[in-house]
Amino acid sequence: MPELSRADWVREATRTLHEAAVNSPRLSAELILQHVCGISRVELATRPETFLSSDQLSRMTGLLRRRADGEPAAYLLGQREFYGRDFRVTPATLIPRPETEHLIEAALKGCDGPVNFADLGTGSGCIAVTLCAERPDWRGLMVDLSGRALAVACQNAVRHDVRQRLQPVRADFTRPLLRPESLDLLVSNPPYVGKTEYEGLSAEVRDFEPVTALVPNFVDSDKIPSHDHHHDHGGSHSHAPSTPPDKPEGLEHLIAVAQEAFVALKPGGLLLMEHGYAQGAAIKVLLESHKWENVLILKDLSGHDRVASARKPAA
């Protein structure tokens, strides 16, 4: 086998991924090489002529094949950056998105002093871990129905030295869960993708990320669906609120989070929920009609409605 330099491999891999029509082909190729070779992006840029070993080439070829099949780079590498920190991710957890960082910023701006919070549907734990890493006097609950997701969240809490301030709770947050008036803050990035929208998602999301983290009322939270389940993700939690027929799809868990928050938050406590770009108006009406105060719909960097912010009325 002829010797291949880092630059040569990235060029060939980028062409392969471009032909496979995956997102960000060059970045994906660079990330695979950096991961296998254990180098930084700076080293790749400054030493592109370094030749690759046969072992490195073999491992990179395997990862490249999986990426060309659409598997997200975050799952191949086992991590994704969020709010300046690396978080472990697995197919049991949703891959953190930049849009969710708006929820972090709203929480940090909206709360002062020591804070007790809960993160409902914690997944990788990126929200809860980040809040504790940013604020050394905050403590929280990481709630998820998936035991595998909670295991990843705990690993991330250890990785960022906040495990002692975060308690994992395996539970269904659509059922009564938290002690009344025990929290200053409740945050959540719950499933909010409607079933119709889910069918239209990119294959990279639909075929690999857990449907339970995307679509409300998918029953088995520890089941990662195979491709054969894309048209069979019905089911429901009997205790989950039903979505009004004239509202957008996907509101069920957002409604459940708001109901739980109204009980669990102290007077004046803050609720923050990420939601879909077309759900902001409906969420605002629902929150205001249920006596929440200071209801705001915050936009992401693309100008889309993304985070609902509301205060429980002060006593």
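The exercises below concern a predicted model, and each is followed by a worked solution. Local features need pLDDT of at least 70 and side-chain atom pairs pLDDT 80 or more, whereas totals for chains, interfaces and linings use all residues. Residues are numbered from 1 along each chain as its sequence is written, and side-chain values use heavy atoms, with hydrogens and water left out.

**Exercise 1.** Determine where T100 lies and whether T100 is buried or exposed.

*Solution.*
Step 1. T100 is found in the loop between β2 (85-88) and α6 (101-110). Helices (H or I, at least four residues) and strands (E, at least two) are DSSP runs, numbered from the N terminus.
Step 2. T100 counts as buried because its relative accessibility is 3%; buried means under 20% relative accessible area, exposed over 50%, and partly exposed in between (1.4 Å probe, protein chains only).

**Exercise 2.** Identify the residues that T100 touches, leaving aside residues up to four places away in sequence, and the polar contact that its side chain makes with a side chain.

*Solution.*
Step 1. With contact taken as heavy atoms within 4.5 Å, T100 touches F82, I127, N189 and E274.
Step 2. The side chain of E274 makes a polar contact with that of T100, at 2.6 Å. A polar contact is a pair of N or O atoms within 3.5 Å; within protein, one must be able to donate a hydrogen and the other to accept it, and residues adjacent in sequence count only if both atoms are side-chain atoms.

**Exercise 3.** State the strand order of the open sheet of 7 strands, and name its edge strands.

*Solution.*
Step 1. The order is β5-β4-β3-β6-β7-β9-β8, with mixed pairing; two strands pair if DSSP finds at least two bridges between them.
Step 2. At the edges stand β5 (166-170) and β8 (293-299), each of which pairs on one side only.
Step 3. Within the sheet, β7 (residues 265-274) and β9 (residues 305-311) run antiparallel and are joined by 5 bridges. L272 stands opposite S309 in β9.

**Exercise 4.** Describe how β1 and β2 are connected.

*Solution.*
Step 1. Strand β1 (residues 79-82) runs antiparallel to β2, and 4 bridges join them.
Step 2. Q79 stands opposite R88 in β2.
Step 3. The two strands, β1 and β2, form a hairpin with 2 residues between them, and Y83 in the turn has a positive phi of about 55 degrees.
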